[in-house]
Amino acid sequence: MTRPAATGPRTMSTSQSERHRAWRARSLIRWRFMILAALVGVVAGLGAVAFRALIAVFHNALFYGRFGLFYDAQVHMPPSVWGAGVILVPVVGALGVAFLIQRFAPEARGNGVPDVIEANFFHQGRIRPRVAVVRPLASALSLGSGASIGREGPIIQIGAAFASVLGQWLRLGASQLTTLVAAGAGAGIAATFNTPVAGVLFAVELLLAEVGVRTVVPVMFAVSVSTLISHHFLGDSPALPLPLPVRPLGPLTPESFVLYALLGVACGLLAYAFLKGIYATQDLFDRTIANPYLRHASGMLLVGIALYLLQRYAGHYYIQGVGYATLHEVIAGILTHPGFLLLLLVLKYLATCITLGSGASGGIFSPALYLGGTLGAALALPLAQYWPGLGIDPGLFAVAAMAGVIAGATGTALTSIVMMVEMTGDLHVAPPVMLCVALAYVIRRGLSRESAYTVKLLRKGLVVPESLHVSMHYFKRADEAMAGAFSWHPDTGTTADRSTTDSGYRLHVRGGRLSGWQAHSDEAVRTDFVAVRADTLLEDVLIALDEAGARLAVVVQGATGGDIVADRVLGVIGPDEWLGEELADARLFPHGR
């Protein structure tokens, strides 16, 4: 029996597919988009400069009753002019922070990185502009009043939010917008710590849904521009310059390998305790104190008491703000008492958990650096004193532990390794740092699947992929994935079966043209289909289906335009075939999250 002729209402040729693929690649690296990336880098760099100045304004006003745009976080500041009244400085800041968050942007509470991740993975890169204003103000007030948080979160938010607003105004597509937002976040990290390579890796590890040259290049460009701005205004040294180890670092010995491995285990345990402590403290405050003003003020009162006691009995506000002054003394070998370092670790841990848990807005990178640095030095100092033959350098131990706690807490393993290399300026620190990071991440991952960033999203019911993998089935040809079992159903009522049984898809013909299809005989006839060539890649088949709003692709031999003779129909690709290919991919990556 002669099969009827049919033509598809929508077709996609191989040349169209290639042009579409080339356009998608060019859209992310053509000069117009690169200009946007550069503009985002400028705003992120200037935002970092302005944010530091804003912190200085609040700090000088609240601690010393004066106006000033300079505040060096790497040097311990003199005692406050208020004496014991410094206890109330964090409380005053807390009331202002609570007002900003409750009045203008409730989502600005806590760490800002999860909000950027949520925007990129669940909202196609859309961020409310208001958050970009409220979060930096609230975070600067928190830091300026002595809160124990990091400053990377607000600067990331500045770069990412500006990128989002700019992209939405220009009506960029989803892939362009999410790439631009990731570029803004990476530029923010680079400007914050003056670590450009770590800024690129931060965007890759956390924010890019697609990792390739066409998405990484705009991030690199934005990071380069933000670094240029940061160097011009803030100098070219890292935000936390770490001196080189006292002794030249030789090859890892079996003994030092074991010690750094044990350090990695300790960092993983500390990172797990850190992320659990932040959210347990938040739950405790939310359950016990309903009023947001009273809640945050009571938490910061505890921090204020700790600051006053440290200043009175130890000489400095060791745990205030980002804590870089303390870390500098740890690495330089000025703070050498293990017991005091462990005390600072506990106090910083509690202060950070209370600060964020009670309602502050800020980052966790700097507190994680602090916890790792004090832990590493506290463990290394007794080893160096009683077993000098091991060749353990407390400064290098602290550097490795910094990276370990960051990687464990945030899940940014590559970022933490490269950040330490950039901060020390010495590639030789990489082996022990990598060993510590690897084991810290494994330990934390074994105890908690979620990082400090993804816990916040999971509480909203949002699951973020922990890793990205290549969907290899997108690079199959259409004739490799199609279903060959289908049957023809002409409008005469007669049936010419492709196979001996009426199984698989049912193709309907009216007036000599393909008019519809059914996946099962008991379903209504659908008319959403496209025609594709046998050598079309599945990625391009998916594009054709999306552009046409169709669910079925009819695979034909030869050209797709004009009348399609039924003898040239080779098969069909429908929902069942896509599900089969996705399941095959899932078997390759059973733990893709």
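Is Val-421 buried or exposed, and with what relative accessible area? Val-421 is buried, at a relative accessible area of 14%. Here, buried means under 20% relative accessible area, exposed means over 50%, and partly exposed lies in between (1.4 Å probe, protein chains only).

This is a predicted model, in which local features need pLDDT of at least 70 and side-chain atom pairs count only at pLDDT 80 or more, while totals for chains, interfaces and linings use all residues. Residues are numbered from 1 along each chain as its sequence is written, and side-chain values use heavy atoms, with hydrogens and water left out.

**View 1. Overview of the protein.** The protein has 21 helices and ten strands. Helices (H or I, at least four residues) and strands (E, at least two) are DSSP runs, numbered from the N terminus. Of its 593 residues, 55% count as buried. Take contacts between residues at least 6 apart in sequence: 74% of them join residues at least 24 apart. Contact means heavy atoms within 4.5 Å.

**View 2. Val-421 in helix α16.** Val-421 sits in α16, residues 413-424. Setting aside neighbours within four places in sequence, Val-421 is in contact with Asp-426, Leu-427, Val-429 and Ala-430. Thr-195 is 226 residues away along the chain, yet the C-alpha atoms of Val-421 and Thr-195 are separated by 9.2 Å.

**View 3. Ser-358 and two annotated spans.** The unreviewed UniProt entry places the feature "transmembrane region" at several spans, including 293-311 and 340-358. UniProt positions follow the numbering used here, feature names are shortened, and annotations may be inferred rather than shown by experiment. Span 293-311 is 100% helix and 0% strand, with its end C-alpha atoms 27 Å apart. Span 340-358 is also 100% helix and 0% strand, and its end C-alpha atoms lie 26 Å apart. Ser-358 belongs to helix α13, residues 338-358. Ser-358 is buried, with a relative accessible area of 1%. Its side chain reaches the backbone oxygen of Ile-354 at 2.7 Å. Beyond four places in sequence, Ser-358 touches Arg-109, Phe-285, Arg-295, His-296, Gly-299, Met-300 and Cys-353.

**View 4. Helix α4 and its packing.** Eight of the ten residues of α4 (residues 113-122) are buried, so the helix is largely enclosed by the rest of the structure. The buried residues are Val-113, Pro-114, Asp-115, Val-116, Ile-117, Glu-118, Ala-119 and Asn-120. They pack against α5 (129-144), α6 (152-169), α7 (174-193), α8 (196-206) and α18 (452-458). Gln-124 follows α4 and has a positive phi, near 55°.

**View 5. The nonpolar cores.** A nonpolar core is a set of buried Ala, Val, Leu, Ile, Met, Phe, Trp, Tyr and Cys residues joined through side-chain atoms within 4.5 Å. The largest has 143 residues, of which Phe-202, Leu-369, Met-420 and Val-433 touch the most other members. This core lies between domain 1 (26-234) and domain 2 (254-460), because both give residues to it. The domain bounds come from an automatic or database domain assignment. Another core, of 15 residues, lies apart from it, with Val-509, Leu-514, Ala-519 and Val-556 among its members.

**View 6. Strands β7 and β8.** Four of the five residues of β7 (residues 529-533) are buried, so this strand is largely enclosed by the rest of the structure. β7 pairs with β8 (residues 552-556) in the parallel sense, over five bridges. Two strands pair if DSSP finds at least two bridges between them. Phe-529 stands opposite Leu-552 in β8.

Technical notes:
A polar contact is a pair of N or O atoms within 3.5 Å; within protein, one must be able to donate a hydrogen and the other to accept it, and residues adjacent in sequence count only if both atoms are side-chain atoms.
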